[in-house]
Amino acid sequence: MSPDNSRLVVIYPTQLAGTVLPVEPGRRSLGRGHAADLRLDDPHLSSIHAALTAAGGQTSIEDLGSRNGTSVNGEPVWRPRVLRDGDVIQFGMVRARYEVGGSTGMLPTARAAQEGPVRFDVGRQTGGQINNVGRDQYNHFFQQRESFLREAAAARTRARRLIYLSLAMMFAGILVYGLKFFGTFRSVIASAQSTRPPDLSEVFGDVLGPVSLSALAVAAAGNMLFWVALIMHIVTAARRRRVDTDPRHAWNAPVQ
């Protein structure tokens with residue numbers, strides 16, 4: 001099926017419902033940032049969230065390492081996936097339906113000719129207490145899922161900041177120690193070229209002095225912090241990927 005004149009039609013949330021994003025030939029990015037080719041103003045989207053590629057008679061979707069992930073018909077997208085007419089794509093909390101030009105989309109099918117005429121003369125009907133628990137339960141699970149995603153995103157952000165801090169500590173410690181070591185090396189060369197013997201206490205005083213040892217300690221602490229932050233980042237990313245698949249989450253439990 002040709003992707004010409006295909007589009008994405010936003011169906012959720014309400015404030016964006018009905019927004020049409022044309023899918024043109026080539027590769028186009030989608031996100032909430034101004035650099036995105038297809039822009040949606042939603043806080044759950046990353047600046048550059050995903051990419052749509054229309055080529056070779058088909059359209060594929062690819063997640064670009066977004067914070068809240070991308071899924072097609074409820075299945076997370078880990079690699080480029082080919083779209084079919086009617087697929088529902090979810091970017092974070094935003095849901096959009098993929099439609100191919102010339103298709104009937106989500107219109108209901110026509111009634112069979114042998115069926116009798118439609119009647120609207122419905123008699124009097126009564127109803128007792130209306131149970132709205134289904135919708136309330138859905139909203140409760142939706143809020144739980146959104147809260148979980150916010151916590152996971154916050155933990156991932158903290159892990160990234162710790163990684164940047166650890167790299168800065170390692171770089172600063174190694175730089176200070178390297179400067180001290182280079183100064184000591186120059187002193188040894190200068191002593192070797194002169195007639196006087198080198199003062200070993202002065203030489204090793206610079207290499208093993210308080211400044212050098214403090215620099216080594218900062219670099220070592222930065223190295224340890226880096227591995228801790230990296231493990232935090234990996235664990236948080238794994239939890240985020242399981243948000244729509246782990247049956248221990250209430251929103252993934254089968255509806256009774």
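The largest nonpolar core has 22 residues, and those touching the most other members are Leu 8, Leu 52, Ile 61, Leu 83, Ile 89 and Phe 91. A nonpolar core here is a set of buried Ala, Val, Leu, Ile, Met, Phe, Trp, Tyr and Cys residues joined through side-chain atoms within 4.5 Å. Buried means under 20% relative accessible area, exposed over 50%, and partly exposed in between, with a 1.4 Å probe and protein chains only. Two or more residues of this core come from each of β1 (6–12), β2 (20–23), β5, β10 (88–91) and β11 (94–99).

This is a predicted model: local features need pLDDT of at least 70, side-chain atom pairs count only at pLDDT 80 or more, and totals for chains, interfaces and linings use all residues. Residues are numbered from 1 along each chain as its sequence is written, and side-chain values use heavy atoms, with hydrogens and water left out.

**Chain overview**

The protein chain holds three helices and eleven strands. Helices (H or I, at least four residues) and strands (E, at least two) are DSSP runs numbered from the N terminus. The order from the N terminus is β-β-β-β-β-β-β-β-β-β-β-α-α-α. Of the 256 residues in the protein chain, 32% are buried. Contact means heavy atoms within 4.5 Å. Among contacts between residues at least 6 apart in sequence, 48% join residues at least 24 apart. The accessible surface is about 16800 Å², and carbon and sulfur atoms own 58% of that area. Such areas come from the Shrake-Rupley method with a 1.4 Å probe; for residues, only the protein chains shown count as cover.

**Two open sheets**

Strands of a sheet pair through backbone hydrogen bonds, either parallel or antiparallel. Two strands count as paired if DSSP finds at least two bridges between them.

| Open sheet | Strand order | Pairing |
|---|---|---|
| five strands | β4-β3-β5-β6-β9 | mixed |
| six strands | β2-β1-β11-β10-β7-β8 | antiparallel |

In the five-stranded sheet, β4 (38–39) and β9 (81–82) are the edges; each has a single partner strand, so one side of each lacks a neighbour in the sheet. Strands β5 (residues 50–55) and β6 (residues 58–63) run antiparallel and are joined by six bridges. Leu 52 faces Ile 61 of β6 across this pair. Beyond neighbours within four places in sequence, Ile 61 has contacts that include Ala 50, Leu 52, Val 72, Val 77, Leu 83 and Phe 91.

The six-stranded sheet has β2 and β8 (75–76) at its edges, each with a single partner strand, so one side of each is left without a neighbour in the sheet. Four bridges link the antiparallel strands β1 and β2. Leu 8 has Leu 21 as its bridge partner in β2.

**Loops and rings**

A cis peptide bond connects Tyr 12 to Pro 13, with omega at about 5 degrees. Pro 13 belongs to the loop between β1 and β2. Tyr 12 also carries a charge over its ring: the charged end of Arg 95 lies 4.5 Å from the ring centre. The rule asks for NZ of Lys or CZ of Arg within 6 Å of the ring centre and within 35 degrees of the ring normal.

Asn 73 is not a glycine, yet its phi is positive, about 55 degrees. Asn 73 lies in the loop between β7 (70–72) and β8. Its relative accessibility is 44%, so Asn 73 counts as partly exposed.

Rings of Phe, Tyr and Trp (its six-membered ring) pair if their centres lie within 6.5 Å; planes under 30 degrees apart are stacked, over 60 edge-to-face, and the rest tilted. The ring centres of Phe 226 and Trp 227 are 5.4 Å apart with planes at 80 degrees, so the pair is edge-to-face.
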